[in-house]
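Me: I'm new to this one and would like to go through it piece by piece. Could you put it up and start with a pair of strands?

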Amino acid sequence: MKYRLLASCLLLLTGSIRAQQKYEGGSLFVQGFARVIDQGQSIYIDSTGKIAFDTIYNDRSLSEGWVDIDTVYLPQDILQVGLKGKQGVMTVLGKWILPPEYDTIDTQSVEQWMVKKDNKVSLYTSKGFILPFRFEDSNQLDSAWFAVKENGKWGVYNKETDQLTVPYTYEDIDYCYGCNTKGDYVFAQKDGKWGVMSFNNEILVPFEYDHEHINMRSDEWIESLYKDGRKYSINLRTKKVEIDTCECLPTEDLSSLDTQLGNYTGQRRNGKWGLVNAQGKLILDHVYDDINNFGDSSGVVGIVRNEKYGVADSTGKIIIPLAYDYWVEPQCNGAVFLGEKNGKGVAFDKTGKQILTQYSHFKTMALEDGTRMISIVQGKLMGFYNPASGKLVPPKYTTLSYYGDSHYLTIGVGDKYGYIDKEGKTIVPPIYDYTDLHYITGNDLLVKVTLKDKMGVFDIKQQKVIIPLVYDYISNYTDSSILQVSKNGLNGLYDISGKLLCPVKYKDIIPFDTVYSYLKAKDTSKVEVLNNRTHELTKLPWDTAFVAYEGHFLLVWEHGKSFIYDIEKKQRVEGAYSKGGYPEYLGYFVNHRASIMKNKKFGYIDPKGDFVIQPKYDYISNFHKGVAAVYQCLDTANRIYKYGYVDSTGREIVPVIYDLPQQIVQRFSEEAFFGEEDAETLVLMKNDGRRGLAGLNGRIILPVNYDNISPEKHGKGYLVQQGDKFGILDTNGNEILKPQYVDIMLNEMAGYDGKVSFSFPVMAREGNDDNWMYINEHGKSIGVKVAAYVDMRILDWGELPIIDPPVVPAPPLPGGDKEPQ
């Protein structure tokens, strides 16, 4: 077989170690295994350097990706491997399921594998081996019983008692493996003839029949035995034996139906079908061409004779006569039957009485709450019948949509739309170009309606428009009791009763603190604040006030100074920040802190105006996981800065001694200090390009000794570079590979986030002409070196040995009661 070779993203970097075993080539380790080439042949070693397997039989490879984990079924994302002719199985994630010590393993079934060892078989499931390696062959009958073979003969074995209950006597054994309800008997062959044996060795049917694995059942009826070319029906309980007079051979197509029809049995006599109930009583004579139980719980069956169709109930009473052209099928959980006669639809109630006689085209429809009704089509108009209430809505709508809501149906009259309920009552009249019942969050009584490209709101309860259709746009608001409207680029607010809270004249409307709305008509106008609960409108004397984005505060700029305004108390917030004059700048609040600039120095304050970090730095960054970078300017003209880090209390956790490179001064980016958003480290830099790392607590992880540092994307440590040499450090900065290697083979190069990927043992070499070494996570050689790199994946796979004998399909999981044929 051929495998599509996937290109690996590789990067060559550094390594060197001594090794005792040398191979011609080797791959990266993937999920704990690597492929090496020995005398032109592939073998696979584990992370200790030991040979784990020498063959992969199936077209799969070890994977770094995600694999579906199923606790019920056996995994299918597997590698079938071999070692010295023995077979084993592992997941594509490198986890052993069965070590390579078995003769053969058949993995075709998701429920159980047949495993052979020393010419004895067992069955392996997600719970482990369920049989001892004691038998030549085995098939599972149910959870405790097994058909087993020894010395060419079959018997029955009970796992729970560890007893052979039916001795090794029979040439073959068959069973209804696909039946959900398990029987307690088997079909057995002796001297070329078949009979039926109980699990406890009682002969239930004598050995005088032929048998085919067809019409298999697990109840008291036997339908798969033949004699002299005739099919027999045998009841194990009554011992009654009947010849099936249709003389159907096992290969004939008996019917379009199964003979098992739910709780009934379809019987064919003289080429005609009848119906027998669970007690064996004939309730429909053998006069029908076919019988259909519809596969539902309606308790009726469809019948057909001479190409005319009808319906009978569970007692055999004909409730719809044989007069229709196609199956008359139950709909709406058996409340209505639909059929066809002379090209026109017909409908009946559950008693068989014809209804809706004035109409001739029907379809079923289901609302979101599961309510089922009958759609009626007459010409180009539509209506419906609700069998639960008996309500008929005559066809008068050009469209009728029943998707998206559990209470209402969308109706259309021409190109206008509205809503009706399940009884046909008009909820929203069909006079609008567009209606949206679910647009307004948390309120199913308000409908956004559109007419001539203008929007409004219709109240279902009041049955009227409460917001006029004059707006370009209507949107939900953070407060669910308010709607925002827009017209000609300006905005206003309504409450959900239709009361106008503020006129449509504002350029900006911004909700804050869940209670208030910031209103500004234009850039030069004064700020206003609306209390969303009391509807009080407060006009403020400032045109340069902004939402602080935390609490009930605004940030105000006035005459070159900034202060905090508490809209709830309607007063300025005084605090340490205001002593000696207000600051020149205030930033937005984030996590209860806002940056300030006072006397040209930066710091942070809390919502009370008290200092969290004194304004003593020439610049301060935003906080990242409770840490901010702070700068001190040493030379303003040449823009020379030192930087360090402070925590949320203002304590310097990394002193201000590190250099701020000119490229960062010119193009500031906070990622230069904190890395990606999820990073747990702080970057330390010097002007000569060297770098280091500190933790969020300020502890130095990597000293500033490296030209480049690349975190491993899965948290295994760091790839570091010193000059043209590379090494690997663990997450605490301890050396795993000293930076002395010219090449280290990576699984993935650094991406946009600067992270690399490597797996231990890694491939490394000290010189360009040296062999590659494998070094583990402890920095030790695993005793293997290779001359060249090869890919883990290969194009040609080994041939899986043929499994003998074949495996009978495993039984399904418990549940359900249908008996497959």
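Reply: Strand β38 (residues 372-378) pairs with β39 in the antiparallel sense over five bridges; here a strand is a DSSP run of E with at least two residues, numbered from the N terminus, and two strands pair if DSSP finds at least two bridges between them. This is a predicted model, in which local features need pLDDT of at least 70 and side-chain atom pairs count only at pLDDT 80 or more, while totals for chains, interfaces and linings use all residues. Residues are numbered from 1 along each chain as its sequence is written, and side-chain values use heavy atoms, with hydrogens and water left out.

Me: What stands opposite M382 in that pair?
Reply: V377 stands opposite M382, which belongs to β39.

Me: And how many residues sit between β38 and β39?
Reply: The two strands form a hairpin with two residues between them, and in the turn G379 has a positive phi of about 65°.

Me: Where does β39 go after that, and which strand does it join by four bridges?
Reply: β39 is joined by four bridges to strand β40 (residues 391-397), and the two run antiparallel. Within that pairing, F384 has V393 of β40 as its bridge partner. These strands also make a hairpin, with four residues between them, where G390 takes a positive phi near 80°.

Me: Is β39 mostly covered or mostly open?
Reply: Strand β39 (residues 381-386) is mostly covered, since five of its six residues are buried, where buried means under 20% relative accessible area, exposed means over 50% and partly exposed lies in between, with a 1.4 Å probe and protein chains only.

Me: What about T371, where is that found?
Reply: T371 is found in the loop between β37 (362-366) and β38. Its side chain makes a polar contact with the side chain of D369 at 2.9 Å; a polar contact is a pair of N or O atoms within 3.5 Å, where within protein one must be able to donate a hydrogen and the other to accept it, and residues adjacent in sequence count only if both atoms are side-chain atoms. Leaving aside neighbours within four places in sequence, T371 is in contact (heavy atoms within 4.5 Å) with M365, A366 and K422.

Me: Changing topic: how many disulfides are there?
Reply: The structure holds one disulfide, meaning a pair of cysteine sulfur atoms within 2.5 Å. The disulfide joins C176 to C179, with an S to S distance of 1.9 Å, and the link is right-handed, with 70° about the S-S bond.

Me: Are C176 and C179 buried or exposed?
Reply: C176 is buried, with a relative accessible area of 5%, and C179 also counts as buried, at 0% relative accessibility.

Me: What about C502 and C633, buried or partly exposed?
Reply: C502 counts as buried at 1% relative accessibility, whereas C633 is partly exposed, with a relative accessible area of 23%.

Me: Which residue stands opposite C502?
Reply: L493 stands opposite C502, which lies in β52. Strand β51 (residues 490-495) is joined to β52 by three bridges, and these strands run antiparallel.

Me: What sheet has β52 in its order?
Reply: An open sheet of four strands, in the order β49-β50-β51-β52 and with antiparallel pairing. Because β49 (473-476) and β52 (500-506) each have a single partner strand, they stand at the edges, and one side of each is left without a neighbour in the sheet.

Me: Now to β78: which way do its residues point?
Reply: From strand β78 (residues 772-775), W772 and Y774 point one way and M773 and I775 the other way, and all are buried. β78 pairs in the antiparallel sense over three bridges with strand β77 (residues 762-765), where V762 has I775 as its bridge partner. The hairpin of β77 and β78 has six residues between the strands.

Me: Last one: which residues have the most contacts inside the largest nonpolar core?
Reply: They are Y643, Y645, V654, F673, L682 and L702, in a core of 28 residues; a nonpolar core is a set of buried Ala, Val, Leu, Ile, Met, Phe, Trp, Tyr and Cys residues joined through side-chain atoms within 4.5 Å. Apart from it lies another core, of 27 residues, among them L540, V556, I564 and F589.
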